Amino acid sequence: MRNTNSCKGCKFARLCIITQFYPPDYAATGQLIEELANQLGEMGFAVDIFTGQPGYAFDQESAPARENLGAVSVQRSRSTRIWAKRLRGKAISGILFCLRAGLHLLKILLTRDKKTAGSNVLIVTTAPPFLPILGYLANLCFNLPYICVLYDIYPDIAVELKVVSAQSWLVRGWNLINRAIWKRAIKIVVLSDSMKNRVAAKCPEIADKIAVIPTWADPNLIVPIPKAQNWFAQQFNIVDKFTVLYSGNMGRCHDLETILEAATSLRSEPIQFVFIGNGANRPAFIEKVKNLGLENCLFLPYQDKKDLPYSLTACDLSLVSIKSGMEGLVVPSKFYSALATGLPVAVISGSNTDLYQLVKKAKCGGAFTNGNSRGLANFIRYLAADREVAQQMGNSGRSYLQENFTLEIVAKKYAQILCSPDLELINVRELAKDPKYVQET
């Protein structure tokens with residue numbers, strides 16, 4: 001029942017991570033969880049993943065129901081695809097996944113045989129947003145310690161997008177549930193200081209539980225590649241033009257209007273905009289580009305992970321945007337991948353966001369408030385005219401990533417939480433109730 005690992009002083013290190021998205025899905029949250037799980041596995045933790053069948057994969061509609069990948073064990077529920085591109089369909093799919101995950105967790109907790117009893121730390125993500133309820137129920141009924149990883153904050157995002165009213169019974173009830181979940185959690189992991197401030201403002205009594213652990217990128221996977229030697233840039237004929245890249249979700253939380261206005265003002269100049277990805281706002285965005293008659297915008301689908309080192313470096317400047325009002329509610333993970341490319345980054349967001357300040361601190365590009373399309377366009381012209389400055393910014397960004405935002409650095413922060421004395425004490429108390437454990441020890 002005991003599981004030893006390389007973390008000094010950490011005796012109970014089997015994890016159960018529940019997340020709806022996991023590769024071969026290309027959803028960013030799933031890919032981040034996979035990389036984190038594998039890294040924790042290399043550090044000595046045994047990890048059990050419960051996830052869904054792929055809903056956002058390229059050419060795979062299904063994946064093995066069970067996989068054992070070294071220290072990581074993956075179990076997938078049945079797929080659920082109900083109006084996958086609509087909010088209502090995503091919500092229903094998320095609820096069905098939560099029900100299946102709840103049954104899976106209940107089975108583990110009720111059987112508690114030697115194979116499953118070691119899953120004594122639960123990590124729940126906000127994919128889907130109401131998944132942390134499972135952690136609360138597992139702790140309430142079985143005293144299972146859990147950690148909440150908040151990739152985004154609901155219902156605040158829904159309120160900001162005007163999907164629901166801040167005064168609605170749904171929002172008030174959701175906030176009450178969130179506070180109850182956070183109070184029982186061992187730790188609340190958030191991605192930025194702004195997100196920590198948001199959570200602490202909603203529930204001040206758990207402020208000391210909140211750990212800020214950012215996402216990351218792999219500088220060994222994504223390395224600078226000159227465009228002339230990059231097959232992706234050659235394939236889409238963007239080697240000679242100064243290329244501005246937006247890669248990732250074109251969703252409701254992202255500011256595409258400022259980018260569109262900048263592209264419109266640069267329409268007669270030798271500058272190419274490339275948009276890679278999908279999202280709720282992509283069709284309308286393409287329609288606007290078409291209506292404006294812009295010929296400097298190229299749209300491509302999401303790229304397979306193996307092609308990302310080439311697609312992300314097939315440009316001269318990367319764009320990252322957050323819609324006004326979303327400060328502290330979402331943190332685009334593509335920012336870190338952009339730093340890894342060794343190319344400059346332009347961030348479009350409120351001036352009080354962490355990303356805005358990070359760009360200034362890392363000296364890796366330019367930061368522009370929402371609506372400042374003129375400033376963005378002038379910055380693009382400036383870099384197009386001075387490639388040496390662009391290279392200096394890119395080098396600074398990559399160095400800053402290597403010093404602060406690699407998977408190894410981030411995984412150690414998760415390990416510190418998992419090996420904390422408080423968490424170990426809880427596990428000792430719970431295992432001491434098990435006659436098998438007492439007999440074995």
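A salt bridge here is a side-chain nitrogen of Lys or Arg within 4 Å of a carboxyl oxygen of Asp or Glu. By that rule, E34, E35 and K305 are linked in a network of salt bridges, and the structure holds 10 salt bridges.

A word on the source: this is a predicted model, where local features need pLDDT of at least 70, side-chain atom pairs count only at pLDDT 80 or more, and totals for chains, interfaces and linings use all residues. Residues are numbered from 1 along each chain as its sequence is written, and side-chain values use heavy atoms, leaving out hydrogens and water.

Let us look at three of the bridges.

| Pair | N to O distance |
|---|---|
| K305 and E34 | 3.9 Å |
| K227 and D316 | 2.8 Å |
| R381 and E269 | 2.9 Å |

In the pair of R381 and E269, R381 lies in helix α13 (residues 373–385) and E269 in the loop between α8 (257–265) and β10 (271–276), so parts 112 residues apart in sequence are tied together. Helices (H or I, at least four residues) and strands (E, at least two) are DSSP runs, numbered from the N terminus.

How covered are these residues? Buried means under 20% relative accessible area, exposed over 50%, and partly exposed in between (1.4 Å probe, protein chains only). K227 and D316 are both buried. R381 is partly exposed at 28%, and E269 is partly exposed at 26%.
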